[in-house]
Amino acid sequence: MSTSKATSTIVVGAGVIGAAIAHDLQKRGRKVTLVDRNAPGSGASFGNMASIAVTEFMPVARPSTWKQIPGWMMDPEGPIRVSPRYMPRLVPWFIRFLAASRPSAVRRLEAAGAALCQRALVDTQTLMAEIGIADQLSQTGCLSLYADEAEFQADRERIDMLDRFGFDYEVLDAAAIRELEPEITEQITKAVLLPDNRTVADPCKIVERLVERFEGMGGILRRADVTGFERGARITGVRLGADVLRADEVVLCAGAFTARLSRMLGEPMPLETERGYHTQIMAPGIEMAHSIIWPARAFMVSPTAAGIRVGGTVEMAGLDAAPDYRRSRITVRRAREALPNLKVEKFTEWMGHRPALPDTIPVMSASARTPGVFYATGHGHLGLTLAATCARLMGDQITGARPAIDMSPYRIDRF
């Protein structure tokens, strides 16, 4: 389809994925309307851990995870909590999760995640420079912390994966750790420096600037609820209450809510929400140059423009349950183990919805049922990390250009 005819495209979802796709398509000559019921960037894009985490593509679905799940489930402060009330609805998702854990499947999923993450930092740097906020991205990396050799060896599977795909890292001893980050406790005896895992000062600013540039190029932002779709042989429009917005193409990228939209089109997907929590500490009393993760304690700390952000753990309880901020307090307590001088006096707590597919690889493809419909969702913990890369790859698919990588691993009909 020729872009010279100003093809009308509706992008549903104004988080970082949707905003980046809308921006990319508007640049390519599409006539784009970006639709969301809420303000741009007010969902998971507001509360993510501000990390371009290019090394964190190891599939959660793997045999080693299954060995740990019983212990996690028995531990009220474990890294994964499943609501007993919601458990029956999760059974089909967990069956697919188990299928994705086969050793042959794990290697394939690793390769699919690596193909995206190998491009992510450069794509992010390029996009942030283009929209005028290159200074929002840190030049320092992330430290993965280990209290002892046993913890380090327990994370060997992830480190070996980085070797297989050529990602940079450096193993540090206690003295080197303290030289980089003096606030880290002496309990930490080993760390891995991940130099390409950068931090964004204000993740929401990326969305705001993308939308600002999008509108400046003639794109339209509309605040509305999507209540249905119009279609014949292909998609023809989106229903926004009593109104119908006509379209030649529709891109569905509403994060964890995308499954509700795909069901309206008769194309269900096994998309769940991993409810994530963070605590934003405005007066932490310490300064940090690097983000940190402590795999054995399942938390992350990121230095941001507004202070220090602490997050981690996973809660499976659906889209509608009220937040349980005990999850936030668990991660803060663990963060203070790593950072004993951290003050937690002035802070806010947040909960949001990460879109989670059972194989932990996103859907980025055309619909298998309705011509003119495209999906971009299921990025899990890597929405911010992969936004720029996803926008380029989706833009190529939608406009008929050839993507830089094989897109078959990310098709919607793989399940």
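The following legends describe close-up views of a predicted model.

Residue numbers start from 1 along each chain as its sequence is written, and side-chain values use heavy atoms, with hydrogens and water left out. Because the model is predicted, local features need pLDDT of at least 70 and side-chain atom pairs count only at pLDDT 80 or more, whereas totals for chains, interfaces and linings use all residues.

**Figure 1. Salt bridge between Arg260 and Asp320.** The structure holds 27 salt bridges, a salt bridge being a side-chain nitrogen of Lys or Arg within 4 Å of a carboxyl oxygen of Asp or Glu. In the pair formed by Arg260 and Asp320, the closest N and O atoms are 3.3 Å apart. Helices (H or I, at least four residues) and strands (E, at least two) are DSSP runs, numbered from the N terminus. Arg260 is partly exposed at 33% relative accessibility, while Asp320 is exposed, its relative accessible area being 64%. For these classes, buried means under 20% relative accessible area, exposed over 50%, and partly exposed in between (1.4 Å probe, protein chains only).

**Figure 2. Salt bridges of Glu349 with Arg329 and of Asp413 with Arg411.** The side chains of Glu349 and Arg329 form a salt bridge with an N to O distance of 3.0 Å. Since Glu349 lies in strand 18 (residues 347–356) and Arg329 in helix 11, this pair ties together parts that are 20 residues apart in sequence. Glu349 is partly exposed at 24% relative accessibility, and Arg329 is partly exposed at 46%. For the salt bridge between Asp413 and Arg411, the N to O distance is 3.3 Å. Asp413 counts as partly exposed with 47% relative accessibility, and Arg411 counts as partly exposed with 37%.

**Figure 3. A network of salt bridges that includes Arg62.** The linked residues are Arg62, Arg107, Glu110, Glu157 and Arg164. The C-alpha atom of Arg62 is separated by 34 Å from that of Ile281, and the two residues are 219 apart along the chain.

Figure 4. A polar atom of its side chain lies 2.9 Å from the backbone oxygen of Pro195. Leaving aside residues up to four places away in sequence, Arg198 touches Ala50, Ser51, Ile52, Leu121, Gln125, Leu137, Ser138, Gln139 and Thr140, where contact means heavy atoms within 4.5 Å.

**Figure 5. Strand 16 and its pairing with strand 15 and strand 17.** In strand 16 (residues 299–304), 6 of 6 residues are buried. In a regular strand the side chains alternate between the two faces of the sheet. One side of strand 16 carries Phe299, Val301 and Pro303, the other Met300, Ser302 and Thr304, and all of these residues are buried. Strand 15 (residues 291–294) pairs with strand 16 in the antiparallel sense over 3 bridges; two strands pair if DSSP finds at least two bridges between them. Ile293 stands opposite Met300, whose bridge partner in strand 17 is Gly311. The hairpin of strand 15 and strand 16 has 4 residues between the strands, and Ala298 in the turn has a positive phi of about 55°. Strand 16 and strand 17 pair in the antiparallel sense over 5 bridges and form a hairpin with 2 residues between them.

**Figure 6. Lining of the second largest pocket.** This pocket has a volume of about 590 Å³, a volume being the space filled by probe spheres set on grid points that are joined across faces, edges and corners. On a 1 Å grid over the protein atoms alone, where a 1.4 Å probe fits, a pocket is an open set of points with protein on both sides within 12 Å along at least five of seven lines, and lining residues have an atom within 4 Å of a point. The lining comprises 26 residues, of which Ala259, Arg263, Met269, Pro270 and Leu271 lie nearest the centre. Helix 4 (87–99), helix 10 and strand 14 (272–281) each supply at least two lining residues; helix 4 gives the most, with 4 residues.

**Figure 7. Ile281 in strand 14.** Ile281 is buried at 0% relative accessibility. Not counting residues up to four places away in sequence, Ile281 touches residues including Ala306, Ile308, Val310, Leu342, Val344 and Phe347.

Methods. Polar contact = N/O pair within 3.5 Å; in protein donor to acceptor, adjacent residues only side chain to side chain.
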